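Subject: Structure for you to look at

Hello,

Here is the structure I said I would pass on. Please open it first, then read the notes below with it on your screen.

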Amino acid sequence: MENQFSRTQLLLGEEAMVSIKNARIAVFGIGGVGGYVVEALVRSGVETFDLIDDDKICLSNLNRQIIATRETLGRYKVDVMKERIQSINPEVIVNAHKCFYLQDKSDEFDFSQYSYIVDAIDTVTAKIELVMRAKEAGVPIISCMGTGNKVDPKKFQVADIYKTSMCPLAKVMRRELRKRGVKKLKVVYSTEKPAKILGIFPNKDKEEHKKIVGSVSFVPSVAGLVMASEIVRDLLKDNTDKQ
């Protein structure tokens, strides 16, 4: 009998669909990257998500974030993503957390209940804390490196953090993770040299402008889709290994 995942099942098989369905995925950061991770995973058949983000959709999100429309401006990203998920598949359970993840929030999450953790946030401190908690819980994690100031989606690669190059964020992460004894971390990163910003962000002073990065629709989205494909592959590999 045909269902919304019939085409996926033709490629992956019935057992694979059960594994995907039973996975519980925690996505930290529902922005340009994280939104596309969730989009691809719900359309792949995942039926339990934890979404973590304290941000609201703003005008500058419209150029690249899948949940950003004129109708969703000003709303919490996790709420809008939850609605979108359940409009695609009403069977999905979504736990929405309106918070910015840092060390003081880590005790609010039981990492051991997750099948996979997605790091799609920008703050180095928070990214490191996520990695440490995931490793402690023995749960696989994939981390996105910098997508800002990039224009070539073909430059994305999947690699261990210690085999990355060019990406400034990856350089910082390598240094900090090495200090903490983390031996490996799967990441999606770009080998493209960051482009120079050509103008000043509206309504920002020069100091604040230094923190702003440029972005386009076709770069963070590709990073998110690559991450989702890696998660599905790993879920199916893990299921095969257990058989």
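Asparagine 149 sits in the loop between β5 and β6. Its phi is positive, about 60 degrees, although the residue is not a glycine. Please keep in mind that this is a predicted model.

Methionine 166 can be set beside it. This residue is in the loop between β6 and α6 (168-179), and its phi is near 75 degrees, a positive value in a residue other than glycine. Is methionine 166 buried or partly exposed? With a relative accessible area of 47%, methionine 166 is partly exposed.

The sheet

In what order do the 7 strands of the open sheet lie? The order is β3-β2-β1-β4-β5-β7-β6, and the pairing is mixed. β3 (93-97) and β6 (156-160) are at the edges, and each has a single partner strand, so one side of each has no neighbour in the sheet. From one strand to the next, the twist averages 20 degrees. Helix α3 packs on this sheet and touches β1, β2 and β4. The direction of α3 makes about 170 degrees with that of β2.

β4 pairs with β1 in the parallel sense over 4 bridges, and phenylalanine 28 stands opposite aspartate 119 of β4. β4 also runs parallel to β5, joined to it by 3 bridges. There, isoleucine 117 has isoleucine 141 of β5 as its bridge partner. Together with helix α5 (residues 124-137), β4 and β5 make a right-handed β-α-β unit.

In a regular strand, side chains alternate between the two faces of the sheet. In β4, Tyr116 and Val118 point one way, while Ile117 and Asp119 point the other way. All of these residues are buried.

Arginine 24

Arginine 24 is in strand β1. Which side chains make polar contacts with the side chain of arginine 24? One belongs to aspartate 50, at 2.8 Å, and another to glutamine 113, at 2.6 Å. Leaving aside neighbours within four places in sequence, arginine 24 is in contact with Thr48, Asp50, Asn95, Gln113, Tyr114, Ser115 and Tyr116. Arginine 24 and phenylalanine 49 are 25 residues apart along the chain, yet their C-alpha atoms are separated by 5.6 Å.

Helix α3

How many of the 11 residues of α3 are buried? The number is 10, and the helix is mostly covered. The buried residues include Gly34, Tyr36, Glu39, Leu41 and Ser44. Just after the helix comes glycine 45, with a positive phi of about 120 degrees.

Serine 44 lies in α3 and counts as buried because its relative accessibility is 17%. A polar atom of the serine 44 side chain lies 2.7 Å from the backbone oxygen of alanine 40. Apart from neighbours within four places in sequence, serine 44 is in contact with Phe5, Thr8, Met17, Ile20 and Val232.

Leucine 41 is another buried residue of α3. With neighbours within four places in sequence again set aside, leucine 41 is in contact with Ile25, Val46, Phe49, Ala228, Ile231 and Val232.

The nonpolar cores

In soluble globular proteins, nonpolar side chains tend to be buried together. Here the largest nonpolar core has 44 residues. Those with the most contacts inside this core are Ile25, Leu41, Phe49, Leu51, Ile85 and Ile231. Several elements each supply at least two residues of this core, among them α2 (14-21), β1 (24-28), α3 (34-44), β2 (48-52) and α8 (220-242). Which of the elements gives the largest share of this core? That is α8, with 7 residues.

There is also a second, separate core of 29 residues. Ile121, Ile161, Leu169 and Leu185 are included in this second core.

Regards

Notes. Residues are numbered from 1 along each chain as its sequence is written. This is a predicted model: local features need pLDDT of at least 70, side-chain atom pairs count only at pLDDT 80 or more; totals for chains, interfaces and linings use all residues. Side-chain values use heavy atoms; hydrogens and water are left out. A nonpolar core is a set of buried Ala, Val, Leu, Ile, Met, Phe, Trp, Tyr and Cys residues joined through side-chain atoms within 4.5 Å. Buried means under 20% relative accessible area, exposed over 50%, partly exposed in between (1.4 Å probe, protein chains only). Contact means heavy atoms within 4.5 Å. Two strands pair if DSSP finds at least two bridges between them. A crossover is right-handed if, with the strands pointing away from the viewer, the path from the first strand over the helix to the second runs clockwise. A polar contact is a pair of N or O atoms within 3.5 Å; within protein, one must be able to donate a hydrogen and the other to accept it, and residues adjacent in sequence count only if both atoms are side-chain atoms. Axes are lines fitted to C-alpha atoms, for helices over the stretch in contact, and angles run from 0 to 180 degrees between N-to-C directions.
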